[in-house]
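Dear colleague,

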Amino acid sequence: MHCIKQITNNLLWVGANDRRLAMFEGVYSVPDGVSYNAYLLLDEKTVLFDTVDKAVRDRFLENLEEGLKGRPLDYLVLQHIEPDHSAAIADVIARHPGVTLVMNRKSADFVSQFFNIDNNIKTKIVAEGDILTTGAHKLKFIMAPMVHWPEVMVTYDEASHMLFSADAFGSFGALNGAIFADEVDFKADYFSEARRYYTNIVGKYGPQVQALFKKTESLIIDMICPLHGFVWRKNLQEIINPYALWSAYQPEEKGVMIAYASVYGNTENAAEILASRLWDADIKAVMYDVSVTPASDIISAAFRWSHFVFASTTYNAGIFVTMEALLSDLVAHNIQNRAVALIENGSWHATSGKLMRQMLEKCKGIRFLGDVSIKSAVKPDKLAEINALTADIVKDFTS
Ligand code: FEO
């Protein structure tokens, strides 16, 4: 049965939720599910913004037909061709063969790469600033390359001041009946998944997100309709402000993220002593075992905190496998502007400290604080080094 949500008097949410997906994009666990948002504008012309993932295609198609109530679909605006939003294009065309696909040139290429769409289907190729008038509404297309793929565009309705923002301002987590962020306790219940979504999916593309901010800064925006997560109609700064920080690679908070890889608990012991000393100095510290906590959670935490400590045992003459994978992921996500300290462990030839440093040196704006090298386990002389490292971090916090 259909399950649509009214957003305004003539805009409907016709998307669908997936709560059974194990791994989004095959990489990211989504314990709270994910929503695939599609929006139906009922103007003189009818306009659908994007489709959904194939897993929820049937519910979406029911919702679409319920929303149209027998009207034909005039336009399908394709803002992003990644298949979590485009898998149902052919199904929509099959039901509405007179529909016009509205997309940019790059999107047209991607559509033909991914799908077998009848060449006779009507298309309207749009470019930066083009406007589609659908009756009372004027849809302006704004290119947003690499937020998150190169063909991405967003759509600004000049009449209603709504921004259809594609992946931007989205979140992991299925919609559980509510559609607006202000209906729920977003900060308490959903913000961490919004952060995990942004940092892992779009985090690498901070400059491109900033470029989109520049293009849209003069617009009056009363509502944001993203392709995942809640619609924003109040307190838009609650989501815009963190995006401004994350895309500039500025931390949300001062505090130390300690990520460690420990085979027999001795490297963990060093990390824990450091965390304890930091709290004693009134500095917030969080700890993650990189072999236990999924990388996407640690990437998300990295965008939150100002200081990092990476602690790794030496393994096969290198960095421990899960730590190496994490650092590689972090570097790929373009993390910048952080202070970093390192703890290495090695029973006969420690190399992990030097190698971790080499990996992190690829990131912009990384400042290295002190480091500690342990032989097998923490002994009194190493306790003194951990205390000295604590002092270095405290000094950095207060300088
Ligand atoms: Fe939600 Fe980049 O797709």
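**A strand pair, its sheet and one glutamate**

Val102 has Lys124, in strand β11, as its bridge partner. Please keep in mind that the model is predicted. The two strands concerned, β10 (residues 100–103) and β11, run parallel and are joined by 4 bridges. Helix α4 (residues 105–114) packs on the sheet here, where it touches both β10 and β11, and its direction makes about 120° with that of β10.

If you then step back to the whole sheet, you will find that it is open, with 7 strands in the order β1-β2-β7-β8-β9-β10-β11 and with mixed pairing. Because β1 (5–8) and β11 (122–125) stand at the edges and each has a single partner strand, one side of each is left without a neighbour in the sheet. On average, neighbouring strands of this sheet are turned by 25° against each other, if direction is ignored. Another helix, α1 (residues 57–68), lies across β2 (11–13), β7 (39–42) and β8 (46–49), and runs at about 10° to β7.

Elsewhere in the chain, Glu344 belongs to strand β21 (residues 338–345). Leaving aside residues up to four places away in sequence, Glu344 touches several others, among them Ser312, Thr351, Gly353, Lys354 and Val372.

How values were computed: Residues numbered from 1 in each chain as written. Predicted model: local features only at pLDDT ≥ 70, side-chain atom pairs only at ≥ 80, totals over all residues. Heavy atoms only, no water. Pairing = 2+ DSSP bridges. Axes fitted to C-alpha atoms, helices over the stretch in contact; angles between N-to-C directions. Contact = heavy atoms within 4.5 Å.
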